[in-house]
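Please view the model below before reading on.

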Amino acid sequence: MDIFRYIQDIKTHLKLTFDEVDGWFEKDKETLNHQPSNGGWTVQQILEHIYLTNFYLLILIEKGAKKAMKNSLNLDLESEIKNYSFNKKNFDRVGEHGAFEWIRPEHMEPKGELGPDKIRSLMSQQYLLCLHYLEVMKNGEGLLYKTTMTVNELGKINVYEYIYFLSLHAQRHVTQMKKNESETIKN
């Protein structure tokens, strides 16, 4: 396992995803506020949901990064790197809108309390935080701490995988926003 390549791949995914999400803030008000025919969220609500989900995932990522760095003092990092294999197939389904049933916690539902400019600014900070944790754990330390992720039965995942999950979750909703937009164009 080339840990440096792995971390770089996560950084690349984050950049592409956050850039794509950021572009949605430039959309016109009609697109942002269109209520889809299926009764789902507007693009504005989806953007707020992405921010809220990132917020809660970053709490877990921060705790995990601290514990991983602490574990790096006592655990054999080289052995962990050598024995690690990434189950990309399981994770990629997270990025596919509608690929499986997903019951989100109530605290991640949009409440309309934040304007688009504030959400955009906070998301930009979240992106920088993800990069910060990847930099702190730049030698593979993120493999040294795992937490259970119940979504799509991923099980115990390491800190890098949590960051990748955050990026995939946002990507999942980009697909949803595109569907909303295509419905707006038809009307």
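Predicted model: local features only at pLDDT ≥ 70, side-chain atom pairs only at ≥ 80, totals over all residues.

## Nonpolar cores

The largest nonpolar core consists of 37 residues. Within this core, the most contacts belong to Leu-14, Ile-61, Tyr-160, Ile-163 and Phe-165. Two or more residues each come from helix 1 (3-23), helix 3 (43-71), helix 4 (77-83), helix 6 (116-136) and helix 7 (159-186). Helix 7 is the biggest contributor, giving 8 residues.

Ile-61 has contacts with Tyr-133, Val-159, Tyr-162, Ile-163 and Leu-166, when residues up to four places away in sequence are not counted.

## Helix 1 against helix 7

The axes of helix 1 and helix 7 lie 9 Å apart, and the angle between the two helices is about 30°. Helix 1 is therefore roughly parallel to helix 7, since angles under 35 degrees count as roughly parallel. The crossing of these two helices is left-handed.

On the helix 1 side, the contact is formed by Ile-3, Tyr-6, Ile-7, Ile-10, His-13, Leu-14, Thr-17, Phe-18, Glu-20 and Val-21. Helix 7 contributes Tyr-160, Glu-161, Ile-163, Tyr-164, Leu-166, Ser-167, Leu-168, Ala-170, Gln-171, Val-174 and Lys-178. By class, the residues of this contact are 14 nonpolar, 4 polar and 3 charged.

## Helix 1 against helix 6

Helix 1 also packs with helix 6, at an angle of about 175° and with the axes 11 Å apart. The two helices are therefore roughly antiparallel, the cut-off for that class being an angle over 145 degrees.

From helix 1, the residues in this contact are Ile-7, Ile-10, Lys-11, Leu-14, Lys-15, Phe-18, Val-21 and Asp-22. They meet Arg-120, Met-123, Gln-126, Tyr-127, Cys-130, Leu-131, Leu-134 and Glu-135 of helix 6. The contact of helix 1 with helix 6 comprises 10 nonpolar, 1 polar and 5 charged residues.

Thr-31 sits in helix 2, which spans residues 29-33. Its relative accessibility is 5%, so Thr-31 counts as buried. Apart from neighbours within four places in sequence, Thr-31 is in contact with Trp-24, Val-43, Glu-181 and Thr-184.

Gln-44 belongs to helix 3. With a relative accessible area of 13%, Gln-44 is buried, because the class takes in values under 20%. Setting aside residues up to four places away in sequence, Gln-44 touches Leu-32, Asn-33, Leu-114, Gly-115, Pro-116 and Ile-119. Gln-44 and Leu-129 are 85 residues apart along the chain, and their C-alpha atoms are separated by 23 Å.

## Leu-75

Leu-75 is located in the loop between helix 3 and helix 4. Its relative accessibility of 44% makes Leu-75 partly exposed, because that class lies between the 20% limit for buried and the 50% limit for exposed. Leu-75 and Glu-141 are 66 residues apart along the chain, with 9.6 Å between their C-alpha atoms.

Terms used
Residues numbered from 1 in each chain as written. Heavy atoms only, no water. Core = buried A, V, L, I, M, F, W, Y, C linked by side-chain atoms within 4.5 Å. Buried < 20%, exposed > 50% of the residue type's maximum accessible area, 1.4 Å probe, protein only. Helix = DSSP H or I, 4+ residues; strand = E, 2+ residues; numbered from the N terminus. Contact = heavy atoms within 4.5 Å. Axes fitted to C-alpha atoms, helices over the stretch in contact; angles between N-to-C directions. Parallel < 35°, antiparallel > 145°, perpendicular 65-115°, else oblique. Left-handed = near helix turned anticlockwise from the far one by under 90°. Nonpolar A, V, L, I, M, F, W, Y, C, P; charged D, E, K, R; others polar.
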